[in-house]
Amino acid sequence: EGDVIVAGTDGLFDNLYATEMAAIVLQSTICGLSPDITAQKIAYMAREHAKDRHRQTPFSAAAQDAGFHFSGGKMDDITVVVSYVTDCTFP
C-alpha cells in the first residue's frame with residue numbers, strides 16, 4: 001500500500017530520469033491527482049524533453065558514454081501507465 005508503479009515505453013525512459021519521474025509522482029500524490037493525470041503529466045514532460053536539443057537525457061548520456069557526440073532528447077513513441085497501490089478490502 002502506498003507504492004506507485006510507473007510503466008512505459010522506451011520513449012519515456014530515453015527522455016526522463018527516474019528522479020524526474022519520482023518528482024512528478026510525489027507532486028501528483030501530494031496534490032491528490034489521479035493515476036491517469038499523473039501519467040499524462042509524466043508523458044508530457046517526456047515529450048518536452050524529447051524535443052529539447054540541449055537537455056541531458058538518459059539517451060544522450062548513454063550515447064555519449066558509447067562515444068557518440070549527441071545531446072538532447074530522442075523523439076519516439078511515449079506511453080505511460082501509472083498505478084497507485086492501495087489496500088482494497090472486499091466485504
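A residue is called buried when its relative accessible area is under 20%, exposed when over 50%, and partly exposed in between (1.4 Å probe, protein chains only). The model here is predicted, so local features need pLDDT of at least 70 and side-chain atom pairs count only at pLDDT 80 or more, while totals for chains, interfaces and linings use all residues. Residues are numbered from 1 along each chain as its sequence is written, and side-chain values use heavy atoms, with hydrogens and water left out.

Start with helix α3, residues 35–51. Helices are DSSP runs (H or I, at least four residues) and strands likewise (E, at least two), numbered from the N terminus. The expected span of a helix is 1.5 Å times one less than its number of residues.

Which residues of α3 are buried? They are Thr38, Ala39, Ile42, Ala46, His49 and Ala50. These residues lie on the same side of α3, because they cover an arc of only 115 degrees around the axis, taken from the directions from the axis to the C-beta atoms. Their cover includes β1, α1, α2 and β2.

In α2, Glu20, Met21, Ile24, Val25, Gln27 and Ser28 meet Thr38, Lys41, Ile42, Met45 and His49 of α3, where contact means heavy atoms within 4.5 Å.

Helix α4 spans residues 58–65, and its buried residues are Pro58, Ser60, Ala61 and Ala63. These pack against α1. After α4 comes Gly67, with a positive phi near 95 degrees.
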